[in-house]
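Good morning, and thank you for joining this meeting.

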Amino acid sequence: SWVFSPSSLFIISSIELIWEKLPSAQKERVNGAWQDSILSKVTLDKNAVAWIDDKSYEGKEVYLVDFPTKNMGVPNNMLIYADVDTYKYIGNAPVD
């Protein structure tokens, strides 16, 4: 049986909410489903904001979600930024 702490349940529900707001073109790239992703929080600096349209996020904390992709080469993941309050997709982060 699975045992989830309140923090793990929050992470799971946050990823699912972000997934629901993700554009379909982004979802199609994912290998698996939202359950296969990793969630973290980052503060967007000047360099990170250069990758997104809404520059008002500079200096703000956002979610960074790491999704595995169907790409067979390297990189084989996709990083996206999402708003911590609304879970709205903000844009993609660069992947090395």
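Predicted model: local features only at pLDDT ≥ 70, side-chain atom pairs only at ≥ 80, totals over all residues.

How many bridges join strand S3 to S4? There are four, and strand S3, residues 77-83, runs antiparallel to S4.

A word on confidence. The average pLDDT of the chain is 86, and 88% of the residues score at least 70. Residues 1-6 remain under 50, and the model gives them two contacts beyond four places in sequence.

Four strands make up an open sheet, ordered S1-S2-S3-S4, with antiparallel pairing. Strand S1, at 38-43, and strand S4, at 89-93, are the edge strands, each pairing on one side only. From one strand to the next, the twist averages 30°.

Consider the pairings of S3 in detail. With S2, S3 pairs in the antiparallel sense over seven bridges.

S3 and S4 form a hairpin, with five residues between them. Tyr 87 lies in this loop, and its phi is positive, at about 65°, although Tyr 87 is not a glycine. Why does Tyr 87 count as buried? The reason is that its relative accessibility is 14%, and the limit for buried is under 20%.

The peptide bond from Val 74 to Pro 75 also deserves attention: this bond is cis, with omega near 5°. Pro 75 is found in the loop between strand S2, residues 61-68, and S3.

Next, the nonpolar interior. In soluble globular proteins, nonpolar side chains tend to be buried together. Here the largest nonpolar core has 14 residues. Those with the most contacts inside this core are Ile 18, Trp 19, Leu 39, Tyr 63, Val 65, Phe 67 and Ile 80. Helix H1, residues 6-21, together with S2 and S3, are the elements that give two or more residues to this core.

What does Ile 18 touch, leaving out residues up to four places away in sequence? Its contacts are Leu 39, Tyr 63, Val 65, Ile 80, Ala 82 and Tyr 87. There is also a second, separate core of 11 residues, including Ala 48, Val 49, Leu 79 and Ala 93.

Let us turn to the aromatic rings. The structure holds two aromatic pairs. In one of them, the ring centres of Trp 19 and Phe 67 are 5.7 Å apart and the planes stand at 55°, so this pair is tilted. Trp 19 belongs to helix H1 and Phe 67 to strand S2, so that the pair links distant parts of the chain, 48 residues apart. Both Trp 19 and Phe 67 are buried.

Tyr 63 and Tyr 87 form a stacked pair, with 5.9 Å from centre to centre and 5° between the planes. This pair also links distant parts of the chain, with Tyr 63 in strand S2 and Tyr 87 in the loop between S3 and S4, 24 residues apart. Tyr 63 counts as buried, at 3% relative accessibility.

Gln 26 lies in helix H2, residues 24-29. Is Gln 26 buried or exposed? Gln 26 is buried, its relative accessible area being 12%. Beyond four places in sequence, Gln 26 touches Met 78, Tyr 89 and Asn 92.

Lys 70, in the loop between S2 and S3, is exposed, with a relative accessible area of 52%. Setting aside neighbours within four places in sequence, Lys 70 is in contact with Glu 28, Arg 29, Val 30 and Asn 31. The C-alpha atoms of Lys 70 and Val 30 are separated by 6.0 Å, while the two residues are 40 residues apart along the chain.

Thank you for your attention.

Conventions
Residues numbered from 1 in each chain as written. Heavy atoms only, no water. Pairing = 2+ DSSP bridges. Axes fitted to C-alpha atoms, helices over the stretch in contact; angles between N-to-C directions. Buried < 20%, exposed > 50% of the residue type's maximum accessible area, 1.4 Å probe, protein only. pLDDT = per-residue confidence, 0-100. Contact = heavy atoms within 4.5 Å. Core = buried A, V, L, I, M, F, W, Y, C linked by side-chain atoms within 4.5 Å. Phe/Tyr/Trp six-rings, centres within 6.5 Å; stacked < 30°, edge-to-face > 60°.
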